[in-house]
Structures are given as structure tokens and as C-alpha cells.
Amino acid sequence: REREEAAIGCLLGSGDMRLLTLTGPAGIGKTRLAQQVAVHLRRAYHAGVVFVPLTTVSDHTLVLPAIAQALGLHDEPRMPLLDQLKAALAEQEQLLVLDNFEHVVDAAPSIAALLGACPCVNLLVTSRTALRVRGEHEFVVPPLDIPDLAHLPALEDLAQYAAIALFVHRAQAICPTFTLTFELGPIVAAICARLDGLPLAIELAAARIKVLSPQALLTRLESSLSVLTRGAVDLPAQHQTMRHAIAWSYDLLTEPERRLFRRLGVFAGGWMLEAAEAVCAEPTEQDASVLDRLAVLVDKSLVVSGEGAGGEPRFRLLELIREYALEQLMAAGEEATLRQRHAEYLTAFAETAGTHLFGESQAAWFARLDEEHVNLRAALGWAERSGAVELGLRLAAALWWFWQVRSHAREGRAWLERLLGLQGEPQRAHELRVRAEALRGAGNLAWVQGDFAAAKTLLEDSLAFHRRIGDVSGQAHALATLGLVADEQGEWDVAVALFEEALTRFRALDDTNQIAKLYNNLAVVAYRREQYDAAVPLCEQSLALHRQTGDQHSVALTLSNLAEALRVRGDRSRAADLLGQSLAVFTELGDKDGIALALNNLGEVVHQQGDLKRASGLQRQSLALAREVSAKRTTYAVLDDLAALGDDLGRPDAACRLLALAAELRARSGVPRSLGNQARYDALLAVVRTRLGEAAFAAEWEIGGRLTLDEAEAMAATLESAAITAAP
């Protein structure tokens with residue numbers, strides 16, 4: 001807490017700040033921080049520091065007597081106690097620390113009056129809520145620092161995080177042999193993250209090391225409040241278990257505030273005000289009621305306020321506090337109702353978002369869906385468990401494009417297929433429509449994964465259901481994606497026929513965005529057939545229409561396809577420029593799969609321009625990013641292109657290994673190389689075989705087939721170093 005301690009010391013020493021309140025939720029460490037500050041500042045005050053514990057003070061009228069007792073004052077019955085305190089402190093240069101003020105906050109006016117009469121006295125207060133008097137300054141105590149679990153630092157750096165250091169320190173007090181090892185580091189980091197960096201929770205968890213391994217402790221923390229008990233017996237009751245610590249705050253709420261608090265537990269990843277009003281309010285309540293009560297919960301440090309993706313306030317419960325809220329929700333018999341409301345609200349939200357994901361505001365809506373993804377998963381999980389299958393299918397069907405763009409194809413397809421498996425035979429029109437849309441979403445995601453047989457089956461089923469209900473738009477969408485499946489398998493005549501059939505329907509519907517997509521798809525087929533003079537104008541038509549509709553994702557993809565056609569025609573300069581534009585748009589959208597694709601395509605153009613140094617860097621970045629989001633097709637394409645780079649750098653051995661790895665991974669995953677790129681691959685393979693000779697080629701190929709992608713990334717880094725060395 002060195003940073004916080006120093007900041008508080010500076011604030012109190014500024015001369016302008018005489019009442020500073022440390023606020024924060026249960027277990028955040030307000031008392032201990034105040035004690036540390038008091039120890040370090042005791043010499044800065046002539047009359048020293050006086051610590052006044054208020055935990056056991058049961059009534060706000062007893063606060064002044066507690067201060068008097070701490071100061072050692074003898075009560076004068078004929079004089080009001082406030083006046084006695086004013087007289088005693090009027091000339092004193094002193095710091096009073098009032099600890100645990102939240103349950104006696106009605107005494108705040110008396111404290112303000114005392115401070116106003118004693119110009120040399122400073123007050124440091126710890127409370128779960130601010131005092132709300134003039135002259136007060138609030139210091140929100142943050143959780144202890146925790147590392148990013150997705151990018152853990154080296155072990156020595158990990159140990160420097162305050163939350164990790166506290167866990168290790170407390171664990172060693174229980175078990176002196178406990179050491180943070182390479183294997184234990186990620187587990188301890190996950191424990192501290194699960195506990196949101198709350199010091200009390202970390203201490204209580206570390207105390208369990210005597211009987212639980214760190215891994216077992218992490219598993220049990222799925223139900224944290226039952227584990228985080230048995231604190232030091234010399235602590236106040238509300239600091240001996242996390243449940244007691246949170247209950248202390250809960251008991252200070254009014255019944256309407258408690259009702260809102262427990263209902264907010266259904267939000268798994270935070271919420272906006274609009275969501276709280278839609279899910280948690282009673283039908284007869286005014287929106288202002290929820291707003292006012294939410295403000296109280298924020299003031300009392302039970303709800304954390306931050307900024308959402310669109311700059312609007314976003315709120316959340318720390319996980320331990322949310323667990324307590326859910327316990328209270330279940331005890332009140334309200335969980336099923338609130339889960340239903342939560343899922344209905346998110347389904348309506350996702351369906352609204354789906355109408356905006358192809359237009360000018362798509363970046364903002366993708367960001368909002370990112371923000372709600374944890375909530376969306378929670379709603380889908382509830383729908384699956386509770387049997388609310390149709391609601392779950394509606395939600396999942398609305399999300400498939402988000403899942404595709406954000407590289408969650410595996411997850412999205414799994415949700416869709418599990419929910420489809422739970423649905424009975426649909427009969428009514430709305431049931432048929434929901435199933436048709438869900439099948440189309442699953443088919444699209446199967447296509448993205450390269451599972452073409454499954455994609456074809458799912459999309460043909462979707463097409464059949466759309467035909468049963470006479471949904472022309474749904475038919476056109478299914479036909480278009482079936483065309484993409486045929487294209488990937490080299491069935492180009494079939495692909496063109498399907499695209500043309502879909503195009504006819506979309507023209508009848510005057511759907512400009514989908515017409516533009518089909519021009520792009522037809523351009524891709526022309527490219528595969530080496531009909532570049534046809535591919536370029538089709539791409540240009542598609543690009544113009546996408547810019548007209550504002551569909552930036554399609555703009556980025558079309559730019560990439562146009563660049564590829566131009567590259568093959570020899571216009572590498574313009575191709576590089578277009579790929580730079582594509583990369584910028586994909587980056588703005590946060591589409592990592594698209595970024596990886598653009599990086600690799602740009603690397604290929606730069607390679608052909610002779611800049612092996614830059615090309616190697618671009619392709620190494622592409623490989624790392626494609627792996628991160630499990631973009632198989634891009635990953636395998638990068639391996640092929642890195643092989644070509646290796647051959648040009650005089651490393652046919654590396655080229656052979658990378659080609660072998662790509663071939664092995666394609667065979668394992670069922671994601672074939674597009675037939676349009678097969679000729680380039682065959683030519684490179686023949687060159688590498690000639691350079692190495694049959695015996696060496698066979699040996700290197702066998703080694704390459706056993707490589708891991710980690711080893712492939714290491715080879716990419718080696719090739720980049722070689723390119724840098726070879727650069728003039």
C-alpha cells in the first residue's frame with residue numbers, strides 16, 4: 001500500500017484537507033491503511049495521533065463519548081460533551097482517526113462541528129460510505145494489484161504484485177515452507193483474481209493453505225464465502241469471515257435497497273443503468289427509484305461504478321459481494337424470476353444489436369457486445385439449464401455474427417448446437433423461424449471452422465425451414481453461405497449458381513449490404529479461377545456499396561480481397577496501400593482474426609516487393625494473433641507463407657518443416673488449402689524438395705510433422721532475425 005499511503009499523507013499534509021474519508025467495500029483494507037498512515041504521521045502532529053475504534057459503538061450518540069474516552073477526557077456533567085471536546089482540542093495540533101464510521105454516520109454533523117471549532121485538528125475516517133458533510137474529501141481505497149491472467153509476467157515480477165505478495169506472506173505464516181514456484185504462480189494469481197484483490201479475502205484464503213493445496217483452494221473458491229472463514233479471533237466479528245464482513249454492510253440498508261442489491265447479483269459482468277431498471281425494478285416502480293437506490297449502493301461501497309464502452313456509467317459487484325447477493329436472492333425466493341428477466345433483457349439487447357452490426361455504428365455495438373459477453377454467457381447457461389430453450393436459441397442466433405467477428409466461433413457453435421439438440425420438433429411459425437436462424441448461425445460458424453460437411457448439413461436444414469415459413473431473406477442468407485462452402489471445396493460452378501440465386505432474392509428485397517457481400521463472394525470465385533480481370537471490378541463494386549452502407553467489417557474484408565487480386569496482377573504498391581487500410585479498419589473493429597489475415601496478406605505483398613525484414617515481422621505477428629484466436633485457416637496460410645520466406649532466406653530446412661506442419665494440421669483439423677492457392681504451394685514444395693534432396697527432404701518433413709505451434713513461432717522469430725541480419 002505504499003502508493004496509497006504516500007498519497008494520503010500528501011493530502012493530509014497539504015493544509016487544505018482537514019477531513020479525509022477512506023471509503024471502500026468490505027475487506028478492502030481501510031483500517032489497516034489508516035493505521036499505517038497514522039504510524040507514519042504521528043511525528044507530524046504536535047499532539048500526536050489518536051485512534052478511535054467505532055466497531056463496537058452501537059449508536060451514533062455514543063461517537064463523541066468514544067472520542068472523549070480515547071483522548072482521556074474526564075466528563076464534566078454541567079457542560080455539553082461537544083463543547084468539552086471543542087475546548088480540549090481548540091489549540092491542539094492533532095490527527096484523529098475514526099475507524100468504521102459507516103454504522104454511526106448520523107454522527108457526521110457533530111464531527112463536522114467539532115472540526116470547524118478546532119482549526120489545528122485533522123480527521124482521517126474509515127467508512128464504507130462517505131460522511132457527506134462540508135469540507136469532506138473522499139479517498140476510494142482500491143483493491144490490491146493483481147496481474148492479467150491472460151499475460152502473466154515472469155515469476156520474479158509476479159511476486160511483486162501486492163495481492164500475490166500478501167498471499168505468499170500469509171501462507172508462509174501458516175506454512176513456513178510455502179514458496180511461489182513456476183507451477184504455483186499462475187494458481188496463486190488466479191486465486192487473487194477470483195478474490196478481486198481484496199486483502200481480507202486473500203488473508204482468509206491463505207489461511208486455508210494448511211489443509212488445502214493451492215489448486216484445491218482455487219477449485220473451492222467457486223463457492224468462496226463458505227471457504228473464507230476462520231479469521232484471527234482477536235479481530236472484530238465482521239473481519240473474521242467474508243460473509244460477516246459483507247453482511248455488516250447489507251444489514252445497514254433499507255429493505256428497498258436490499259431488494260435492489262440482491263437482484264443485481266444476476267448480472268455476471270456488470271450492467272448499465274438501463275439494464276438495472278429493466279431487470280430489477282418492480283413493475284410499479286419509477287425509474288428514479290432504481291437510480292436513487294443504485295446511488296446509495298455505490299455510496300455504501302457495495303457497488304463499483306466505472307465507465308462503459310460508450311462512455312456511460314457502468315456498474316458491477318465485486319465477485320465475493322455478488323456471491324453474497326445471490327445467496328440473498330435465493331433466500332428471498334426470487335432467483336428464477338430474476339434469471340428469466342435477465343435472459344429476456346439480454347435477448348432483446350442482442351437482437352437489437354444484431355440490426356446494427358452491419359452499418360455505420362457497428363464498432364460501437366461490437367464493443368457493447370464485448371462488454372456484455374459475460375452476461376450473455378450467463379443468460380445462455382441459465383436458458384440451457386432451465387429448459388428455456390427457445391429463448392436461448394433466440395439469444396444465440398442473434399449472436400453468431402458477433403461470435404464470428406470476435407473469433408469465438410468454437411464457443412458460439414457449441415451453444416447453438418447444444419440448444420438445437422434440446423429443442424423439440426418445432427411446429428408453430430415462430431418456432432420454425434427461431435430454429436431456421438439458429439441452424440444458419442451454426443452453419444456459418446461451422447464454415448468458419450472449416451467443418452464444411454457439417455456446415456452444408458446445417459445450412460441446408462436452415463434453408464428448408466426458411467422455405468417452410470416463406471422467409472425470402474432467410475433463404476437468401478442460407479444460399480449465400482452454402483455458396484461459400486462450395487467455394488472452399490473448389491465447387492466453383494455450384495458456388496456461382498448459389499450466389500446468383502441468393503443475389504436474385506436480395507435484389508428483390510433491395511438489401512444493398514447483402515448485394516455487396518455477394519459481389520465480393522463472386523469476386524473471390526473469379527480470383528480462385530485466376531480470372532483477375534473479372535475479380536477486380538466485382539471487388540470495386542462491392543467496396544463502393546459497403547462504403548455506402550457503412551459496413552466497416554465488410555469494407556475491410558473487401559479491401560483485402562481487392563488487394564489480393566491486384567497483387568497477383570502485379571500492382572503490388574496499390575495492394576500494399578489497400579491492405580494497410582484493411583488492417584486499420586480491422587484494428588478499429590477489434591477483429592483479431594481480420595487483423596491476422598491483413599497482416600499476413602500485407603507480409604506476402606511486402607515479401608514480393610523484396611523487403612524480407614518487414615515481411616518476416618508481419619508474418620510473425622500474424623501467426624501469434626491467429627493462434628491467439630484459434631483462426632485455423634489464417635494460421636495454416638501463415639505457415640505456408642513463412643515457408644516461402646524461409647526458402648528465400650536460404651533456409652529450405654525451415655521451409656520444409658513449416659510446410660510439413662501446415663499439412664499435418666490441415667489433415668488433423670479437416671481445413672483444406674483453398675484450391676486457388678494449391679498451385680503456389682505445389683511449386684514451393686517442388687523447389688524445397690530439389691534444394692534439399694530426397695533424403696534430407698524426407699527427414700525434415702518428418703521433423704516438421706511433429707512440431708508444435710510454439711516451436712513454429714520460435715522458427716518465425718528465427719527467420720525474422722535472419723531477415724534483419726540479411727537486410728542491407
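Mentor: Accessible areas here come from the Shrake-Rupley method with a 1.4 Å probe, and for residues only the protein chains shown count as cover. This is a predicted model, where local features need pLDDT of at least 70, side-chain atom pairs count only at pLDDT 80 or more, and totals for chains, interfaces and linings use all residues. Residues are numbered from 1 along each chain as its sequence is written, and side-chain values use heavy atoms, with hydrogens and water left out.
Trainee: What does the accessible surface of the chain come to?
Mentor: About 31000 Å², and 52% of that belongs to carbon and sulfur atoms.
Trainee: How many of the residues count as buried?
Mentor: 53% of the 728 residues. Buried means under 20% relative accessible area, exposed over 50%, partly exposed in between (1.4 Å probe, protein chains only).
Trainee: Switching topic. Where is Thr55 found?
Mentor: In the loop between strand E2 (49-53) and helix H3 (63-71). Helices (H or I, at least four residues) and strands (E, at least two) are DSSP runs, numbered from the N terminus.
Trainee: Is Thr55 buried or exposed?
Mentor: Buried, because its relative accessible area is 15%.
Trainee: And which side chain does Thr55 join in a polar contact?
Mentor: That of Asn100, at 3.0 Å. A polar contact is a pair of N or O atoms within 3.5 Å; within protein, one must be able to donate a hydrogen and the other to accept it, and residues adjacent in sequence count only if both atoms are side-chain atoms.
Trainee: Last one. How many helices and strands does the chain have?
Mentor: 34 helices and eight strands.
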